Amino acid sequence: AFDIRKIRAESGYISYDESYGNTGSCQSEITFINGEKGILRYRGYPIEDLAEHSSFLESTYLIIYGELPTQSQLDAFRNKVRDSAEVHVGMEHHFDGFPTGSHPMAILSAMLNSLGCYYPEMSTNNRQQDLESFDDAVAVLLSKVRTLAAMSYRMQVGKHFIYPKHKLRYSENFLHMMFSDPYQDYDDSSGLAHALDLFFLLHADHEQNCSTSTVRMVASGGANLFASVSAGVCALWGPLHGGANQAVIRMLQEIHDSGDDGRRFIESAKSGDAKLMGFGHRVYKNYDPRARILGKAAEKVLSAIGYEDDPLLNIARNLEQAALEDDYFVERKLYPNVDFYSGLILKAAGIPPEFFTVMFAIGRMPGWLANWHEVASDEKARIHRPRQVYQGPGVRDYVPIENR
Ligand code: ACO
């Protein structure tokens with residue numbers, strides 16, 4: 001019988017796939033992507049249908065447990081997440097240790113790892129035990145990632161923490177903890193909570209992207225859920241991954257400030273002097289289906305708050321149009337990705353740009369949780385341990401320090 005492990009062990013053969021562009025690192029039942037056709041499905045359900053009919057929490061249940069919930073399952077799940085929103089008072093003191101100006105992603109990663117210390121029974125690094133408390137840990141992480149994120153924002157702007165309100169839905173509660181004041185509740189009359197819920201839903205999973213692969217890598221060594229998702233936050237931080245939404249707004253603002261309508265910028269992206277942030281994707285060689293949905297949502301949200309002529313939205317429209325008609329982008333199959341329009345929605349919601357990647361992390365939590373579970377519950381799973389193609393010097397004689 002064909003035994004790849006035996007062949008590898010006997011031949012020393014290593015396959016090299018630079019940046020894993022064509023390597024399937026695992027088998028998974030969670031998310032399907034066809035990048036050539038621009039298809040994305042969670043557990044078989046097209047993203048377009050979920051975006052239209054579902055909510056972030058319902059899709060989260062689907063991603064984690066594999067099926068759409070019945071009404072009573074959804075109610076129970078919502079209640080469990082709602083009841084987990086507050087953090088231990090000890091955690092409030094952790095915030096005092098961070099200097100003003102600390103990046104919220106650094107805070108979030110540290111806080112999620114620390115959170116595990118408050119739930120030792122859920123973070124044992126014993127796979128069986130961690131799996132037994134998985135449902136409780138899901139509610140804790142899903143709910144508190146949002147609370148901790150809002151707390152880090154309040155700390156940065158020098159305001160008191162606002163505690164969660166039980167009657168509010170997931171995204172409403174987040175906006176409440178971010179923007180309410182002790183004597184005035186956040187007013188959501190323009191429907192931003194709904195747009196934010198859609199943003200979270202569209203980010204909920206995306207198969208083996210950099211951060212989810214990181215979560216699986218850490219999980220494969222047997223690390224607990226809290227440690228694994230904390231590593232996922234660090235992987236998400238970079239500008240080529242979760243940081244791109246922030247970079248898009250910075251780029252649109254710079255284009256606007258320079259008096260360009262987007263055309264000059266397109267030329268500099270083609271000559272390699274700039275990168276058109278929010279364009280291109282390792283997997284999608286077609287329109288990212290999430291970008292289509294968010295593009296429409298951005299138009300709707302901005303007109304609801306009377307910003308339909310927002311200059312940055314106009315520049316985004318021009319860039320998209322120009323790039324889609326330009327041979328450089330067409331030949332390389334560079335289309336808008338999810339980040340191209342998401343920053344405009346977040347900006348409209350009053351979220352500061354340095355906080356955008358944190359928003360992505362809140363949205364991506366379901367995917368990290370589901371992928372951790374898939375690794376932890378696979379009895380045959382081995383530790384992830386890629387090889388390398390060594391390019392350094394051959395064997396050398398040690399030179400005593402006085403002779404160097
Ligand atoms: N602007 C201009 N040119 C680009 C862009 C871009 N945004 N993206 C890729 N290209 C060009 C490359 O220079 C390269 O050109 P060449 O063939 O002449 O050398 C060609 O298109 C292929 O690009 P690669 O870099 O090989 O694509 P890769 O798969 O490695 O990178 C990535 C994908 C990182 C997303 C890249 O397109 C990029 O940097 N985009 C901007 C950042 C961004 O929006 N990231 C968000 C990704 S989605 C997410 O994480 C949610």
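**From helix α3 to the annotated site**

Helix α3 is followed by Gly-66, whose phi is positive, near 90°. Helices here are DSSP runs of H or I with at least four residues, numbered from the N terminus. The model is a predicted one, in which local features need pLDDT of at least 70 and side-chain atom pairs count only at pLDDT 80 or more, while totals for chains, interfaces and linings use all residues. Residue numbers start from 1 along each chain as its sequence is written.

Gly-66 belongs to the loop between α3 and α4 (71-83). With 13 other C-beta atoms within 10 Å, Gly-66 is partly exposed. A residue is buried if 20 or more other C-beta atoms, placed from the backbone, lie within 10 Å of its own, exposed if 12 or fewer, and partly exposed in between. Between Gly-66 and Gly-38 there are 22 Å in space, C-alpha to C-alpha, and the two are 28 residues apart in sequence.

Two helix pairs come next. Helix α6 (residues 104-118) and helix α12 (residues 225-236) have axes that come within 8 Å and cross at roughly 175°. Such axes are lines fitted to C-alpha atoms, for helices over the stretch in contact, with angles running from 0 to 180 degrees between N-to-C directions. The pair α6 and α12 is therefore roughly antiparallel, the term for angles over 145 degrees. On the α6 side, the contact is formed by Met-105, Leu-108, Ser-109, Leu-112, Asn-113, Leu-115 and Gly-116, which meet Phe-226, Ala-227, Val-229, Ser-230, Val-233 and Cys-234 in α12. Contact requires that the C-beta atoms of two residues, placed from the backbone, lie within 7 Å. The residues of the α6 contact with α12 comprise nine nonpolar, four polar and no charged. In this classification Ala, Val, Leu, Ile, Met, Phe, Trp, Tyr, Cys and Pro count as nonpolar, Asp, Glu, Lys and Arg as charged, and the others, Gly among them, as polar.

In the second pair, the axes of α8 (residues 134-156) and α19 (residues 356-376) come within 10 Å and cross at roughly 170°. These helices, α8 and α19, are therefore roughly antiparallel to each other. From α8, Phe-134, Val-138, Leu-141, Leu-142, Val-145, Arg-146 and Ala-149 meet Val-358, Ala-361, Ile-362, Met-365, Leu-369 and His-373 of α19. The contact of α8 with α19 has 11 nonpolar residues, one polar and one charged.

The annotated site follows. An unreviewed UniProt entry carries the annotation "active site" for His-281 and Asp-339; such annotations, given in the numbering used here with shortened feature names, may be inferred rather than shown by experiment. They span 59 residues in sequence, yet no two of their C-alpha atoms are more than 10.5 Å apart, so they gather at one spot. His-281 lies in the loop between α14 (263-270) and α15 (289-304), and counts as buried, with 23 C-beta neighbours inside 10 Å. Leaving aside neighbours within four places in sequence, His-281 is in contact with Asp-288 and Asn-337. Asp-339 lies in helix α18 (residues 339-348) and also counts as buried, with 27 C-beta neighbours inside 10 Å. Not counting residues up to four places away in sequence, Asp-339 touches Ala-244, Asn-245, Val-248 and Gly-278.

Notes: Parallel < 35°, antiparallel > 145°, perpendicular 65-115°, else oblique.
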